[in-house]
Amino acid sequence: MEIKSAEYVVSNTEVYKCPKHTLTEYAFIGRSNVGKSSLINMLMGKKDLAKTSSKPGKTILINHFLVNRNWFLVDLPGYGYAKMNKSGLAKLEKMVKGYVLNRDCLTNLFVLIDSRLEPQSIDLGFFEFLGVNGIPFSIVFTKADKLNDAQLHKNITQYREKLFEQWDELPPIFVTSAEKGIGRDDVLNYIESINNNIANSESK
Ligand code: GTP
Ligand code: MG
């Protein structure tokens, strides 16, 4: 998919204040500092569309962007930032889970995982939460540039094996690097194929 335009629309703290629309919507979620905002900028081909930081806890709102005047992309705060104070953490978790559970127009949630780490219980628990609640999601490994091919392959194989302990089938899995542009076409083509499927089924 070619990105012709990507515009910031609005930021909110509550899901019920988010834009009302009839477009498809794709959100990016994952632990603080995993690279959500960087991946969004890489996908959109714009350096500073979403705010990034080397310090965790940068994104603290639900941020909507309109892409190609045709679909919404959403940057969410991270979960599980241990150094944030308890009430701040609880507030962010409520915001993120409120969005995931109540955003009826959410088409697909991309859950980002740092490709360098072994499976973390907080992420496995989050997959469980999505499964129980029937939320459609995909998995995106980030920061692939930080590993060589052999390490990357080993980590992803191990992750898949871990997931198979919990699931019979795995969702789509993408490998990306915001730094190197890896995985850009895969993610964008996936979004395009879902958008096309929905448009075709609506026109029947
Ligand atoms: P929060 O908003 O705090 O939850 O973080 P986030 O998940 O949006 O992460 P963000 O995109 O702000 O990136 C966190 C840090 O990781 C920044 O220092 C980025 O430069 C770095 N980073 C993100 N993606 C990549 C990547 O693909 N490769 C490398 N090497 N660094 C990355
Ligand atoms: Mg962010």
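The legends below describe close-up views of a predicted model.

**View 1. Ligand 1 in its pocket.** In this predicted model, ligand 1 sits in the largest pocket.

**View 2. Polar contacts of ligand 1.** Backbone atoms take part at Gly35 and Glu179. At Gly35, a backbone N or O atom lies 2.9 Å from an oxygen atom of ligand 1. At Glu179, a polar backbone atom is 3.5 Å from an oxygen atom of ligand 1. Ligand 1 taken alone exposes 660 Å², and the protein buries 88% of that area.

**View 3. The aromatic pair of Tyr26 and Trp71.** A search of the whole structure finds 12 aromatic pairs, and one of them joins Tyr26 and Trp71. A pair of aromatic rings is described by the distance of the centres and the angle of the planes. For Tyr26 and Trp71 the centres are 5.6 Å apart and the planes make an angle of 85°. The pair counts as edge-to-face because that angle is over 60 degrees.

**View 4. The strands that carry Tyr26 and Trp71.** Tyr26 belongs to strand β2 (residues 24–30), while Trp71 belongs to strand β4 (residues 71–75).

Key:
Residues are numbered from 1 along each chain as its sequence is written. Chains are lettered from A and ligands numbered from 1 in the order in which they are written. This is a predicted model: local features need pLDDT of at least 70, side-chain atom pairs count only at pLDDT 80 or more; totals for chains, interfaces and linings use all residues. Side-chain values use heavy atoms; hydrogens and water are left out. A polar contact is a pair of N or O atoms within 3.5 Å; within protein, one must be able to donate a hydrogen and the other to accept it, and residues adjacent in sequence count only if both atoms are side-chain atoms. Accessible areas come from the Shrake-Rupley method with a 1.4 Å probe; for residues, only the protein chains shown count as cover. On a 1 Å grid over the protein atoms alone, a cavity is a set of points where a 1.4 Å probe fits but cannot get out, and a pocket is an open set with protein on both sides within 12 Å along at least five of seven lines; lining residues have an atom within 4 Å of a point. A molecule sits in a cavity or pocket if more than half of its atoms lie within 2 Å of its grid points. Rings of Phe, Tyr and Trp (its six-membered ring) pair if their centres lie within 6.5 Å; planes under 30 degrees apart count as stacked, over 60 as edge-to-face and the rest as tilted. Helices (H or I, at least four residues) and strands (E, at least two) are DSSP runs, numbered from the N terminus.
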